[in-house]
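Subject: Handing over the structure

Hello,

Please find the structure below.

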Amino acid sequence: MGEKTTYFEYGFVVKLMILTIIIISGYIVLSFTFSTSPHLLIISPLFIINVAGLILIRKKDLFKIKTRYIGVYLGIVFLTVIYLIYYTGNVYSPHLAWLIIPAFFSFLLGGKRISIIFLVLTIVFIGVLLISSGEKLFYENQKPFITQWHVISVFTLLISIVLPMHWFFNKLINQKNKIFSQFTLLQEKSIQIEFQNKVIDDQLRKINIQNVNLHDKHIDLEAAKEMLNYQIAKIENTKSRLERFTGTLLILSKNEAVHNGNLNELWQLISRVIKRNLNINRVSFWEYNERKKKLSSLYLSDQDHNESYEKIELNENDFPEYFKALKDEKLIVVEDVYESEVTRSLLVSYMIPNEIKSMLDSPFFIDNALGGVICCENAKTRIWQPEERFFVNALSDLISVAYKAKQRDIYQKELLKKKREIEELNEELEEKVRQRTVELEELNHQLMDYAFLNSHVIRGPVCRVVGLNNVLNMSDDEAEKKYLISQIIQTVKEIDEVTHKASTILTNGTVSEFLENKRKPQFK
């Protein structure tokens with residue numbers, strides 16, 4: 001434990017020192033005046049200590065003195081009083097009353113422990129004096145024993161006690177006033193503090209509310225953070241799947257089965273791709289017949305890699321909701337076939353027998369008309385993700401491309417066939433044209449000959465008939481008329497013969513020979 005110390009006010013200590021110096025100085029002066037006190041050596045140390053203390057002490061509001069130093073100082077005072085009492089008459093000493101001074105000053109300066117010590121020492125010393133004096137105290141001389149020193153001693157005692165008591169109580173009153181003023185200030189400050197406490201309480205409540213809100217927001221932020229992390233993980237997974245799907249689509253788009261229109265090979269390839277990437281139970285391909293209004297199954301592959309080309313037909317009149325959804329060019333996304341309006345009509349005839357609970361159907365179109373559908377079917381309900389829908393829809397577009405490629409191949413083959421037929425027809429036509437040209441040239445030659453025949457061979461007899469007829473009309477001689485008539489008849493017969501032969505010659509193509517014979521003179 002540390003050594004105990006006591007705090008004193010500067011003014012109070014200085015006053016005590018000055019009072020002590022004055023009392024001792026007065027005692028010394030009185031001693032020389034009455035020439036009765038040879039004990040200056042006894043009180044001189046106490047005088048020197050107070051003078052030295054007064055000189056050495058430094059002015060300040062409070063200073064501390066160790067308790068043991070106070071005890072030593074009061075011990076010197078106590079010993080000085082004892083010596084004075086001993087050398088000035090013991091129990092009859094005028095300084096006997098001074099025994100109270102050490103106890104009193106120990107109460108003012110030393111605290112509880114030192115006060116008790118000096119009080120006990122004082123009582124013990126008085127008891128020793130009483131015991132040592134015995135009956136002398138009451139029976140010796142039986143007269144009052146009061147000298148001038150008794151009066152001086154009492155007066156000094158009163159000064160030594162009253163002034164310090166006055167200073168002490170004045171100090172207490174000042175402290176009380178200070179305490180009261182401080183208490184008043186404290187009350188005002190207390191009111192201010194209470195008001196501030198209320199304000200602080202309000203602030204604390206607001207802060208608590210804000211803390212609660214912040215805590216709630218923190219919880220919300222944590223939840224949002226978890227959700228964001230989940231979304232990021234989901235996006236990363238979706239991105240990874242999209243990259244895988246895109247790579248698969250790129251490879252498929254370069255496959256010869258797509259560009260050659262090899263549908264059987266393409267169905268097998270796409271079914272394996274879908275089952276591997278989507279992890280589903282069944283994949284089937286259907287073709288739509290616009291004229292018959294029905295879907296016909298083309299190919300089916302299940303989870304055990306069993307393949308089937310069995311023909312299954314779905315009539316549009318029996319399942320109008322499903323066909324309407326297909327023709328609307330929409331993906332049919334059904335997480336639970338038992339709850340969808342689109343697939344409700346298919347439950348009894350198709351879904352339940354095949355143990356299908358979830359499906360993703362993507363129609364494909366050919367020349368802006370429904371060509372068929374890819375059916376992705378699962379035995380358990382599942383949520384079809386957007387990237388899965390994109391993937392299946394892109395695969396249906398590849399099937400449309402394959403159908404177009406097949407149509408293009410068919411059209412190309414038909415065009416080649418038509419081209420060969422046209423080339424053959426062109427060759428035959430050229431031969432026929434050549435032959436016809438020869439025939440036309442011959443026929444033209446015949447027509448030219450016939451024109452010559454008509455203008456020369458046939459026209460000559462006709463002109464003779466016309467001339468003979470004119471002569472017959474002008475002649476009056478009967479014999480001449482008969483001769484002219486016979487000539488006309490002969491000429492007509494000649495014309496008939498010529499025309500008959502000309503017709504025969506035109507048919508047989510012997511006009512030139514006939515004309516050579518006819519160019520010879522007929523009449524002399």
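Let me start at Phe 323, which lies in helix α10. Helices (H or I, at least four residues) and strands (E, at least two) are DSSP runs, numbered from the N terminus. Two points on provenance first. This is a predicted model, where local features need pLDDT of at least 70, side-chain atom pairs count only at pLDDT 80 or more, and totals for chains, interfaces and linings use all residues. Residues are numbered from 1 along each chain as its sequence is written, and side-chain values use heavy atoms, with hydrogens and water left out.

**Phe 323 and the aromatic rings**

Phe 323 has a relative accessible area of 0%, so it counts as buried. Buried means under 20% relative accessible area, exposed over 50%, and partly exposed in between (1.4 Å probe, protein chains only). Phe 323 and Leu 370 sit 47 residues apart in sequence, yet their C-alpha atoms are 9.8 Å apart in space.

The structure holds eight aromatic pairs. Rings of Phe, Tyr and Trp (its six-membered ring) pair if their centres lie within 6.5 Å; planes under 30 degrees apart count as stacked, over 60 as edge-to-face and the rest as tilted. One of the pairs joins Tyr 288 and Phe 323. It is tilted, with 6.1 Å centre to centre and 50° between the planes. The pair links distant parts of the chain: Tyr 288 is in strand β3 (residues 282-289) and Phe 323 in helix α10 (residues 320-327), 35 residues apart. Tyr 288 is buried too, at 8% relative accessible area.

Ring pairs also link Trp 267, Phe 285, Tyr 299 and Tyr 309 into a cluster. Elsewhere, Arg 382 lies over the face of Trp 384, 4.4 Å from the ring centre. The rule for this is NZ of Lys or CZ of Arg within 6 Å of the ring centre and within 35 degrees of the ring normal.

Helix α3 (residues 67-87) has 21 residues. From first C-alpha to last it reaches 30 Å, close to the 30 Å expected at 1.5 Å a residue. The expected span is 1.5 Å times one less than the number of residues. Its buried residues include Ile 70, Leu 74, Val 77, Phe 78 and Val 81. An α-helix has 3.6 residues a turn, so residues three or four places apart point the same way.

Helix α9 (263-278) has 16 residues and reaches 21 Å, close to the 22 Å expected. Among its buried residues are Leu 266, Trp 267, Ile 270, Val 273 and Ile 274. Trp 267 is also in the ring cluster.

What follows α9? Asn 279 does, with a positive phi near 55°, although it is not a glycine. Asn 279 lies in the loop between α9 and β3. It is exposed, because its relative accessibility is 64%.

Glu 355 also has a positive phi of about 55° and is not a glycine. Glu 355 lies in the loop between α11 and β8. At 62% relative accessible area, Glu 355 is exposed.

**Distant in sequence**

Val 334 lies in strand β7 (residues 332-334) and is buried at 3% relative accessibility. Val 334 and Ser 358 are 24 residues apart in sequence and 5.7 Å apart in space, C-alpha to C-alpha.

Tyr 403 is found in helix α12 (residues 386-474). It is buried, at 7%. Tyr 403 and Gly 371 are 32 residues apart in sequence, with 8.8 Å between their C-alpha atoms.

**Cavities**

How many cavities of 30 Å³ or more does a search of the whole structure find? It finds two. On a 1 Å grid over the protein atoms alone, a cavity is a set of points where a 1.4 Å probe fits but cannot get out; lining residues have an atom within 4 Å of a point. Grid points are joined across faces, edges and corners, and a volume is the space filled by probe spheres set on the points.

The second largest cavity holds about 60 Å³ of space. Its lining includes Trp 286, Tyr 322, Met 351, Asp 361, Cys 375 and Glu 377. α11 (347-351), β8 (358-366) and β9 (369-378) each supply at least two lining residues. By class, the lining has nine nonpolar, no polar and two charged residues. Ala, Val, Leu, Ile, Met, Phe, Trp, Tyr, Cys and Pro count as nonpolar, Asp, Glu, Lys and Arg as charged, and the others, Gly among them, as polar.

Best wishes

Methods: On a 1 Å grid over the protein atoms alone, a cavity is a set of points where a 1.4 Å probe fits but cannot get out, and a pocket is an open set with protein on both sides within 12 Å along at least five of seven lines; lining residues have an atom within 4 Å of a point.
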